[in-house]
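Take a look at the fold and its ligand. We will go from the sheet to the helices, and then to the ligand site.

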Amino acid sequence: MKNRPSGFGIEQLPRLVRGAGSCLFDAEGKRYLDGSGGPAVFCLGHAHPEVNAALARQFAEIAYAYRYLFTSAALENLTATILEACGGGFKDIVYSGSGSEAVEGALKIALQCFAARGQMQKRRFIARRRSWHGNTLGALSISDFAQRRRAFEGSLLDVTFVSAANAYRRPDGVSGENLAAALAGELEQAIVNLGPPNVAAFIFEPIVGAAGGVVPAPAGYAQAIQGVCRKYDVLLIADEVMCGSGRSGTWRALEHDGIVPDIMCIAKGLAGGYIPLGATLVTPQVAAPILSEHGSYMTGHTFTGHTAACAAGLAVQHIVRRDRLLERVRSVGAPFQEAIRQALSKYDEVGDVRGRGFFIGIELVRDRRTRLPFPAERALSFDIGSRAFADGLICYPCSGNVDGAAGDTVIIAPPYNASDSELEEIVTKLARAIGTALSSAREPV
Ligand SMILES: Cc1ncc(COP(=O)(O)O)c(C=O)c1O
């Protein structure tokens, strides 16, 4: 788990020996139910026999057909599958090995698009507070995650940040009804302040993951910011690394909002963790100047479009579609979220339960009325995560969502094919971990 406060060296971690469906087993025989897909990765659970068989077939044929000399059926079929799942709005896909690289690729493609259009001054990025886009220098520069940035400050890109789109933690003086319009106005002002000819792109997570604890944007927000970006010829980049690939119940998270961004990043659920795989998708409007002026996207890596990774992605996506798992995520997601809300309703410190599909966040507060967080030193979310882990449940504790240090959230993001009884077990164990951690957090320091 990322960002544990201290002392989680490898020698302290259980040795994992086996996975089966939604469960993992360590060398001592202890079973863990995967309630968060690690950090929202394992959309099909573990050791799926059909994915493993597809990988065995691919490895028997060829592990990797170097992308710049050859194509392969896995690459071509995965590309066709993703473009179709996205509803036809994108033209090209640049593959990579992680979410950070997918984001890095998106930033570079935005810059390259303007370079190809002869607008070399469009170099600046705008991002949002309380967001996470990855750990490479570019992706980290556009991320507002204090703990993860601190050691690298001074070498990061100069990025402008606007407010998070968080209905539970609105900017001062902004009502719920005005939130989307106020945030769009703030973005417009930021573009005007920087000078529109200088701004390349605005990047955002349609549903914030680790930095916010699952925060869907308010209704109307996505359309409003797209309108602002179009007005000033600023590209809109959606980071769907965590919330996309079906996690929120639609293949693209922004399908829910009815918009297609200019560039989109996906990773985690794309190949479900079977082999690392990320991808950056571009619309025809972004692709056209790049392809006509430069001939190709200048953001490739040695392992771009790795054949076995594409075969993993293809097998995962085939099963998700054949088994109608997005329908399951959509229909079961709301009652599952409601079951979590009910199970936690007896705890005054549960401030908010939110999310969409199988992407659910729980925010803990010291005082429900003021929404003040517990002090960061309490490390409440990590205490919850540790208690759940000891009890055989994996959830994803995150901290710092309020001011970069304080703020406690827990993410629940099970495999799309988790059974009803597994979902019930998640609810029971999560409530138990939160209950015991809160009892201890209420005690004086
Ligand atoms: C929204 C988002 N973008 C980008 C990343 C970076 O992905 P990776 O850790 O695979 O590099 C993450 C990872 O948590 C993420 O949640």
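What follows is a short walk through a predicted model.

Start with the sheet. Seven strands, or 7 in the count used here, form an open sheet. Their order is β4-β12-β11-β10-β7-β5-β6, and the pairing is mixed. Strands of a sheet pair through backbone hydrogen bonds, either parallel or antiparallel. The edge strands are β4 (92–96) and β6 (160–162), and each of them pairs on one side only. From one strand to the next, the twist averages 20 degrees.

Strand β10 covers residues 235–239, and strand β11 covers residues 263–266. The two pair in the parallel sense over 3 bridges. Ala238 has Met264 in β11 as its bridge partner.

Next come two helices. Helix α8 (residues 221–231) lies across β5 (124–128), β7 (199–204) and β10. It runs at about 175 degrees to β7. Helix α9 (residues 284–293) lies across β4, β10, β11 and β12 (278–282). Helix α9 runs at about 90 degrees to β12.

Turn to the ligand. Which of the 12 residues around the ligand come nearest? They are Gly99, Ser100, His133, Asp239 and Lys268. Ser100 places a polar side-chain atom 2.5 Å from an oxygen atom of the ligand. For Asp239, a polar side-chain atom lies 2.7 Å from a ligand nitrogen atom. In Lys268, a side-chain N or O atom is 3.0 Å from an oxygen atom of the ligand. On its own the ligand has 390 Å² of accessible area, and the protein covers 88% of it. The shell residues divide into 3 nonpolar, 5 polar and 4 charged.

Terms used
Residues numbered from 1 in each chain as written. Predicted model: local features only at pLDDT ≥ 70, side-chain atom pairs only at ≥ 80, totals over all residues. Heavy atoms only, no water. Near = heavy atom within 4 Å. Polar contact = N/O pair within 3.5 Å; in protein donor to acceptor, adjacent residues only side chain to side chain. Areas by Shrake-Rupley, 256 points an atom, 1.4 Å probe, with all protein chains shown as cover. Nonpolar A, V, L, I, M, F, W, Y, C, P; charged D, E, K, R; others polar. Pairing = 2+ DSSP bridges. Helix = DSSP H or I, 4+ residues; strand = E, 2+ residues; numbered from the N terminus. Axes fitted to C-alpha atoms, helices over the stretch in contact; angles between N-to-C directions. Contact = heavy atoms within 4.5 Å.
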